[in-house]
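Please read the following briefing alongside the sequence and the structure.

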Amino acid sequence: MLEVSMNSVFSLSSDIFLYQLKELGKYWVFNVDTGEHYTLNETSFWILEQIDGMTPLKEVLARFLKAFDVGAAKGKKDFSEVVKGFVNESIIKKRRGKTCQTKKGKSTKSRY
Amino acid sequence: MMDQLKELKPDEEFYFQWHITEKCNLRCKHCYHENYSSANELALDQLVEVADKIENTLKTWDKKGTLSVTGGEPFVIQEKLFPLLFHLDSLPAIHHFDILTNGSFSNQPVLDKLKELKKFRRMQVSLEGSSQRLNDAVRGEGSFEKTLNAIRLMKKNDFCVAVMMTITKLNKHDIRPMISLLQDEGVDTFAAERFIPEGRGADLEEAILSTNELKDVFSEIHSLALSQKKIRILLYRPLYALLDGNDPTVGAMCSAGTNALTIMHDGTLYPCRRLPIPIGNVLQDSLYKVWYTSDVLWNIRNTKNLKGKCSACDLIPQCRGCRAMAYAITGDYLSEDCQCWK
């Protein structure tokens, strides 16, 4: 699995659409081009919402550690895994020339 | 014909109601269309393009497609209808399709051609009552006899035939005679649909059943469904669950936003034909995009959005009310189903 630099800046891939029914505890990410969809948990959805094409991952991680009750070491590990998963599934992409240098939730891929 | 096509479970299926034309030779008083010009109707190559789009989408979703091809009157444009049906017949992800017709054009050559289709399941025609008087008052003079003749020809040709009846104050007392007639004619399936005042039917608003009238009609249909063996009576509609919430064959969640889309003659997509809110166009938009991003669909899926008595109902997982009825009466598709008697 490729390593992700915490100084990197990521944005959502162009065909990605996020949706949540918070009251029902349901979170999804959709690819409107390929039709694939992923069911997320609240934490991984929260991370995706922070991926805005401007904020380096290390800053997203700092917000993540503040927002969720998780220790720094475990939090960083989980955060990294989730981000790598998003990169591998092409849900997020690294912004060219945007490196400044910077995890929980597992995405479960499911077809509709 | 029907026996060769196994039933699908709801979670295996995605349903398209496809109105390939608005043109029609009848002008039924309760019709949900208001315009029959069929402006911007898709050409055959566009219909084929849409069918291929449906096929690819179903493959990605790992679903089997079921379709109702209708109009208007679909046999008015036979030059497009038959090539489309044969194309649909060739697509692996399509499980079966039905044709919803008024029966006017069901002659022997037409039926012979339909027999060549492997995935064609059944013909659905409409009758509004067991007598010429009741039916023709809504569907036009002579239509009762024509429809009955069409049913007889279809049955003679061993077609599976379904009959739809739209329930209003005018025919609410005619359920039992109607089912008796259909049994005598060898009709396979009967379904009753609530009348929703839209399109031409907006002028018939006074014919909508009250909550108590609907309860009586649905109770009678439910009772007949349990006792009649010769004809299958479909109860897959919202509100039937009020009659027996423990029987999975009684009642069904409205399919809008769940596993169905309606395609209009010009490619416009609706959540349901009776809920005519455009949510995209199948030629310009991917079905994925519409299905995943439509606010209307998401608002319907989020049951916490439902209002009035629907909001706190313990039958939400089985019913959710008819969003189209809510929309037709109040302009708000999230408001309560005004015909619910709970």
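**A helix pair and its surroundings**

In chain B, the axes of α1(B) and helix α2 (residues 78-89) come within 10 Å of each other and cross at roughly 25 degrees, where axes are lines fitted to C-alpha atoms, for helices over the stretch in contact, and angles run from 0 to 180 degrees between N-to-C directions. α1(B) is therefore roughly parallel to α2(B), a term used for angles under 35 degrees. This is a predicted model, in which local features need pLDDT of at least 70 and side-chain atom pairs count only at pLDDT 80 or more, while totals for chains, interfaces and linings use all residues. Residues are numbered from 1 along each chain as its sequence is written, and chains are lettered from A and ligands numbered from 1 in the order in which they are written.

**The helix contact**

- The crossing of α1(B) past α2(B) is right-handed, meaning that the near helix is turned clockwise from the far one by less than a right angle.
- On the α1(B) side the contact is made by B:L44, B:L47, B:V48 and B:A51, and on the α2(B) side by B:K80, B:P83, B:L84, B:H87 and B:L88; residues are in contact if their C-beta atoms, placed from the backbone, lie within 7 Å.
- By class, this contact of α1(B) with α2(B) has 7 nonpolar, 1 polar and 1 charged residues, where Ala, Val, Leu, Ile, Met, Phe, Trp, Tyr, Cys and Pro count as nonpolar, Asp, Glu, Lys and Arg as charged, and the others, Gly among them, as polar.

**Chain B as a whole**

- Chain B has 10 helices and 10 strands, which are DSSP runs numbered from the N terminus (helices H or I, at least four residues; strands E, at least two).
- Its C-alpha atoms fill a box of roughly 50 × 45 × 35 Å, taken along the principal axes.
- Of the 342 residues of chain B, 46% count as buried, that is, with 20 or more other C-beta atoms within 10 Å of their own, C-beta atoms being placed from the backbone.
- Among contacts in chain B between residues at least 6 apart in sequence, 72% join residues at least 24 apart.

**Chain A and the interface**

- Chain A comes to 3 helices and 6 strands, and along the sequence these follow the pattern β-β-β-β-α-α-α-β-β.
- Buried residues make up 35% of the 112 residues in chain A.
- Between the chains, 12 residues of chain B are in contact with 11 residues of chain A.
- On the side of chain B that touches chain A, the elements giving two or more residues are α1 (44-61) and α8 (287-293) of chain B, and the largest share, 4 residues, comes from α8(B).

Definitions and conventions:
A residue is buried if 20 or more other C-beta atoms lie within 10 Å of its own, exposed if 12 or fewer, and partly exposed in between; C-beta atoms are placed from the backbone. Two residues are in contact if their C-beta atoms, placed from the backbone, lie within 7 Å. Angles under 35 degrees count as roughly parallel, over 145 as roughly antiparallel, 65 to 115 as roughly perpendicular and the rest as oblique.
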